Amino acid sequence: MSKALATILIGEDFQALWKRRMAPSWQAYAARHGYDVVTVDDYIDKGPRGRERTPHWQKCLILEDERVRRYDDVVWLDADIMINHHTAPCIVSATEPGRIGLVSSREQDYGSPAIRDNLLARRTDLVPESRRPDLPKDCRERYLKAGLSGEVDDYANTGVLVLKPERHAALLRHVYDSYEENPFTAKEEACLSHAIFNSGLAQGLDSRFNTAWYHLMVEHYPFLMLEESRRNPLLVAMAVNAGWSNCWFMHFTADVDRSYADLVVQNATYLEGFRIAFRLLGRGG
């Protein structure tokens, strides 16, 4: 069975970020588990429809690209994901044949009062009022804000998807052709998530397969939201390497988060990584 990790790199900034920080981890993971790595560096839809929405919508066409469609299994990864290749298992093997593997945001964002208090409410407290997000109370409300029907009660960040071109290309094409972007759809995410869960094909995966660094930071290292903490590179490095050691695919979902990726020690397991970070920052022996 042929397998590929696939992504789209549109724009010099994304290409540079991926090549510098993400590509080494993808290549190591691919070598360990028998994947090819396929990157697409331009719009798949080069017509007006391709340009009238954000480039993220091209994800919905990835299974139709000639470089990708020949594979039996395709793992879509956003280009701002770093893989902990030391510990991450094969994600295709974790997904039942024919299902679409993804990580449920219902469990991550809304799973318990503790999560809401420690992640969503805390984030609101720490972000200046002018920049506070309009946080929905559950998945249904999130879809309704995006103009979608509220009968779907789960949600996923679509940065990690396990797909089969032969079976799932039509569903992704339907999303591309039928949905529009608005301020609440999170680019294509709400529309694609809604369609996948509504299809009955979704299979929830271990949350370590798509862990947002921002979520880890706000829930477990909230002191990093303070400017005073971010001035201490050793403190920041220890936190981000601890977070990376506890997940398999770390997702640097926002522009401001991607600077943290430069502090991850990828070429060592976590204890040696901490030692390397100490030495590089001149704070340890």
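**Close-up 1. Salt bridges across the model.** The count comes to 17 salt bridges, each being a side-chain nitrogen of Lys or Arg within 4 Å of a carboxyl oxygen of Asp or Glu. This is a predicted model, in which local features need pLDDT of at least 70 and side-chain atom pairs count only at pLDDT 80 or more, while totals for chains, interfaces and linings use all residues. Residues are numbered from 1 along each chain as its sequence is written, and side-chain values use heavy atoms, with hydrogens and water left out.

**Close-up 2. The salt bridge between R20 and D262****.** The two side chains meet at 3.1 Å, N to O. The pair links distant parts of the chain, 242 residues apart. R20 sits in helix α1 (residues 12–33), and D262 in the loop between β9 (249–251) and α11 (270–280). Helices (H or I, at least four residues) and strands (E, at least two) are DSSP runs, numbered from the N terminus. R20 has a relative accessible area of 45%, so it is partly exposed. D262, at 39%, is also partly exposed. Buried means under 20% relative accessible area, exposed over 50%, and partly exposed in between (1.4 Å probe, protein chains only). A network of salt bridges links R20, R21 and D262.

**Close-up 3. The salt bridge between E96 and R99****.** The closest N and O atoms are 3.3 Å apart. E96 is partly exposed because its relative accessibility is 44%. R99 is partly exposed at 26%.

Close-up 4. E272 has 30% relative accessible area and R275 has 46%, so both are partly exposed.

**Close-up 5. Packing of helices α6 and α7****.** Helix α6 covers residues 165–178, and helix α7 covers residues 189–199. They pack at an angle of about 135°, with axes 10 Å apart. Axes are lines fitted to C-alpha atoms, for helices over the stretch in contact, and angles run from 0 to 180 degrees between N-to-C directions. The two helices are therefore oblique to each other. Angles under 35 degrees count as roughly parallel, over 145 as roughly antiparallel, 65 to 115 as roughly perpendicular, and the rest as oblique.

**Close-up 6. L226 in its loop****.** L226 lies between α8 (213–220) and α9 (227–230). Its relative accessibility is 42%, so L226 counts as partly exposed.
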